[in-house]
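Work through the exercises below with the model in view. Try each task before reading its solution.

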Amino acid sequence: MTNLRIFFVGGLISYRALFNWLNPWIFVPTLVVGPIFQVLFFAYLGRAAGVESDRFYVIGNALQLAALPGLFAMTFTITGERYSQTLGPLLASPANRAVLFLGRALPVSANAAAVCVIAFVGGAVLLHVTLPAASLPALAVVIAATAVSCTGFGFLGGAIGLRIRDAIVLINLLDAALLIFCGVNIPLESLPDWMRAVGEALPVTHGLAAAREIADGATLGDVSHLLLAELAVGAAYAAVGYALLRYLEQAARRNASLETA
Amino acid sequence: MSYLRIVWRGLLFLTKRNSTSSWFVLLVLFQPLIFATIAFYMFKSGGQEGTLLYAALGAGMMGIWSATLFGSGGLIQWWRWEGTLELAVGAPPPFFFVLLPAALSNSIIGAYSLAATLAWGRLAYGIPLQFEHPFAFALALAATVLSLGLMGLLLASSFVLYRHANALMNLLEYPVWVVTGLIFPIALLPAWAQPISWPLAPRWGIESIRDAAFGGPGMWWEVGLTLFLGLVYAAGAFLFLRLFERLARARATLALT
């Protein structure tokens, strides 16, 4: 029962307290206007370069934007606690760490999916991109899977936040790297082999490939292998991030560096 | 003279300090390289290899804007967090002269972005760095950096009262990249959207830089307009700072985050 409370109530309170994203002054600029303009920016860049269609950029950037809450919110899980001077008490508590961090990941995943949908709809409306209505339920499943996978990737950000004070800068770079390696704005075929290999090991790549195939008429069954790959990548990052979090927590206790990292 | 000394000494100190800040250097060097790489690949995929210098200049300017936006936009908030905002406001010189060197240093550091994207383009993609008018290019760049610094000052001044400055920073990065046509021709935008860029210095700055690099006809006019807008931003910032500082003191909200 305690674990359930930590998972649901703790996760929700942490989400509201640390991210402030329920405040419209924060939510609208960061998670509505910014994402839609990212879609527009790359669509116009694509037009200038004469590469791909607006639909390519709407789908690509909308899916990649799942990483925005996924990466940043999970990093704030640690850095925000440090700013609030509650990191020490949090890690001194006997709460089960897996439940603690997974509870924080749940609302973040929902938020990531919401940002995807906002960017999708906003970009599609402004750029007059249409998708077959029949593809929408399958796209919703792909968005949910990508949001979960990006949140798993965010565990790595949380671990980095435990070790590095300015983790948010690195997270910015990781987020931007997804734009290059995952086929978001550059067709994967145009990338050198080594970049494609890096992309295969990152979240978004497989989910995005699934979304593009579904938009072209594929069914959920046709892309199930891509969805499983996307979820597997996210789960792997979550496992590595969690292990790293536990290791760095112990190291921070030993070195008394929790607040000074 | 003492105000000039404050600005000059502040500029030297803050430029040195920002140059040693790992996050600032990461922001101004690596993020523009990522966007430059994306643009290079996209232009190459589109068979427009001749436009790679255009992309490098645009990605560099995007970096200058990001540094200005996050550096100057975050300035007031960081001083709040560090507990030094009241000291800076309470110092004898007008707050304008305390804030000015900080805003200018942000855009100067931002110019590292342009150097980085040009070097990256040359080393990784073999882009020839041949400018039609090298002297005019340097002048256009200096005018743009100065004007963006003053634009940052105007932003920072409005954030004295605005507690959610971080969110506004997130709001303005991509939209300004889009409406000012930093990396694609502004003519691609719908006709109704193009006038939005008229009062924005980055638009005239990048056009003057491109004209100097590629030999366009309107360079001097664009440099003049960039500098004129910089003066307008400075005047606006001066007025806003006087007004907002008084309001923040009266409402006792200066240090509230």
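Two exercises follow, on one chain and on its contact.

This is a predicted model: local features need pLDDT of at least 70, side-chain atom pairs count only at pLDDT 80 or more, and totals for chains, interfaces and linings use all residues. Residues are numbered from 1 along each chain as its sequence is written, while chains are lettered from A and ligands numbered from 1 in the order in which they are written.

**Exercise 1. Describe the fold of chain B.**

Step 1. Find the elements. Chain B holds nine helices and zero strands. (Helices are DSSP runs of H or I with at least four residues, strands are runs of E with at least two, numbered from the N terminus.)

Step 2. Take the extent. The C-alpha trace spans about 60 × 35 × 35 Å along the principal axes of chain B.

Step 3. Count burial. Of the 257 residues in chain B, 51% are buried, with 20 or more other C-beta atoms within 10 Å of their own, C-beta atoms being placed from the backbone.

**Exercise 2. Describe the contact between chain B and chain A.**

Step 1. Count residues. Chain B gives 29 residues and chain A gives 30 residues. (Contact means C-beta atoms, placed from the backbone, within 7 Å.)

Step 2. Name the elements. On the side of chain B that touches chain A, helix H2 (22-45) and helix H7 (165-179) of chain B each give two or more residues. H2(B) supplies the largest share, 14 residues.

Step 3. Sort by type. This side of chain B has 21 nonpolar, eight polar and no charged residues. (Nonpolar: Ala, Val, Leu, Ile, Met, Phe, Trp, Tyr, Cys and Pro; charged: Asp, Glu, Lys and Arg; polar: the others, Gly among them.)

Note on methods. Two residues are in contact if their C-beta atoms, placed from the backbone, lie within 7 Å. A residue is buried if 20 or more other C-beta atoms lie within 10 Å of its own, exposed if 12 or fewer, and partly exposed in between; C-beta atoms are placed from the backbone.
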